[in-house]
Amino acid sequence: MATINTSSGKETGQTNTLPINREATADLDSANAFEGAEKLLEVWFVPSPTMLSESSKPNGLKSVSRNLWEQMLNLVRCKVLSVIQTEHVDAYLLSESSMFVFPHKVVLKTCGTTTLLAGLARLLEIAGVHGGFTQRSGTNMAEPYRLFYSRKAFMFPDRQEYPHKSWPDEVKFMEQMSLRGSAYKVGRMNGEHWYLYLTNANTMLTPPLIPTKDRHNRDTDETLEILMTDLCPVKSKQWFMDTTTTDVKPKDKKGDSSQGHDLGAIVTNSCRLAEIYDKSRFPNSHIDSYIFNPCGYSANAVIPSQVKDTSYYWAVHVTPQPHCSYASFETNVPREESGREAVDVIESVLETFNPGRFLVTLFKARPNLTDILRIDHSEEMAVSKRAASIEDIKGYRRMDKIDHDLDGYDLSFRSYER
């Protein structure tokens, strides 16, 4: 059994040990990696984990076996390296980025030439057949409550495979699945830009009367993403295996680790990513990280809430080669729990990578009409203040400022240059 690295070094009573995939890690070579920009898919099947239907499995999507998820990931063309398993979420560290499985939703993020959307139909089928979620009429695929798909413009789009050759191809692919979403291109046509496809909330899957605590859980949905390019060459050295500590050796075949995981844990601490969120504030957090050979880095963190019956996450992925340097940071830890404004998190991440350019997207769910009638406008003001707080980033010039009022969400997009 593999003991997953933890930021606290403490056992919590939660299950956090699963086998490391030695077959996948043994010959993992990132020498030919070239495209760091990820494709990001997030599929919700109900608004919160406490709203699973009577037909759903007791633990929803977390009831699905690892083997079934791996079958889906084979279509996407990536492998599972290791897993953090907790009460609220299973965090899969992949050969190409990350997957987070909650009882009610899946977040899948993959880079390179992975064919993420090729796994979507199978994901919906798994949710419908093995998760017990409401199925589409005449199919065994689950009906999504909401679906989000996004990505930054690729550096090398000609090297992608269908359906990721172009944004129109990706949109057409999803439209052929009758997802009935809206597609956006955000940013400059001749500069940094970002694509988004999202569906409206499926009201057929929303109970007419939602308990207050469930409305609260849903309405605090908040995701911050930082997409960085032109990484500082000096900072990038820490993501190369030969410049990382070489004294760490893999344990014997029956051991609980691998060299990539051991080196990943060292770098996570030395680059200060483990300090993004205060350890004393989240003492039971877990981090699973990996250094690739000869270079590259991935990390998943699970952050148990201190005030709710839920957990959050952050994920980091790095492609450090000079000709295609890229790094991403994504988190859904809300400001209300972290005690940190978005600008503080952004500046902490920038200290680690010192990129020449970066994009920021900040998604925040808005209260629905029922909630607006029972609350004041303090939350609306807080969202506006949060977006305003990312206007000025030390050492960078803001190039673009775009705000969208989407169905149930506020989106803030910013781009910067050093």
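Aromatic pairs number 17 in this structure, which is a predicted model in which local features need pLDDT of at least 70, side-chain atom pairs count only at pLDDT 80 or more, and totals for chains, interfaces and linings use all residues. Residues are numbered from 1 along each chain as its sequence is written, and side-chain values use heavy atoms, with hydrogens and water left out. Rings of Phe, Tyr and Trp (its six-membered ring) count as a pair if their centres lie within 6.5 Å; planes under 30 degrees apart are stacked, over 60 edge-to-face, and the rest tilted.

One of these pairs is stacked: tyrosine 149 and tryptophan 167, at 6.1 Å centre to centre with 10° between the planes. This pair links distant parts of the chain, 18 residues apart, with tyrosine 149 in strand E6 (residues 146-152) and tryptophan 167 in helix H4 (residues 167-175). Helices (H or I, at least four residues) and strands (E, at least two) are DSSP runs, numbered from the N terminus.

Are these two residues buried or exposed? Buried means under 20% relative accessible area, exposed over 50%, and partly exposed in between (1.4 Å probe, protein chains only). Tyrosine 149 has 0% relative accessibility and therefore counts as buried; tryptophan 167, at 10%, is buried too.

Ring pairs also join Phe148, Trp194, Phe363 and Tyr409 into a cluster.

I turn now to helix H2. In H2 (residues 66-76), the buried residues are Leu68, Trp69, Met72, Leu73 and Val76. They lie on the same side of H2, because they cover an arc of only 140° around the axis, taken from the directions from the helix axis to the C-beta atoms. Just after H2, arginine 77 adopts a positive phi of about 75°.
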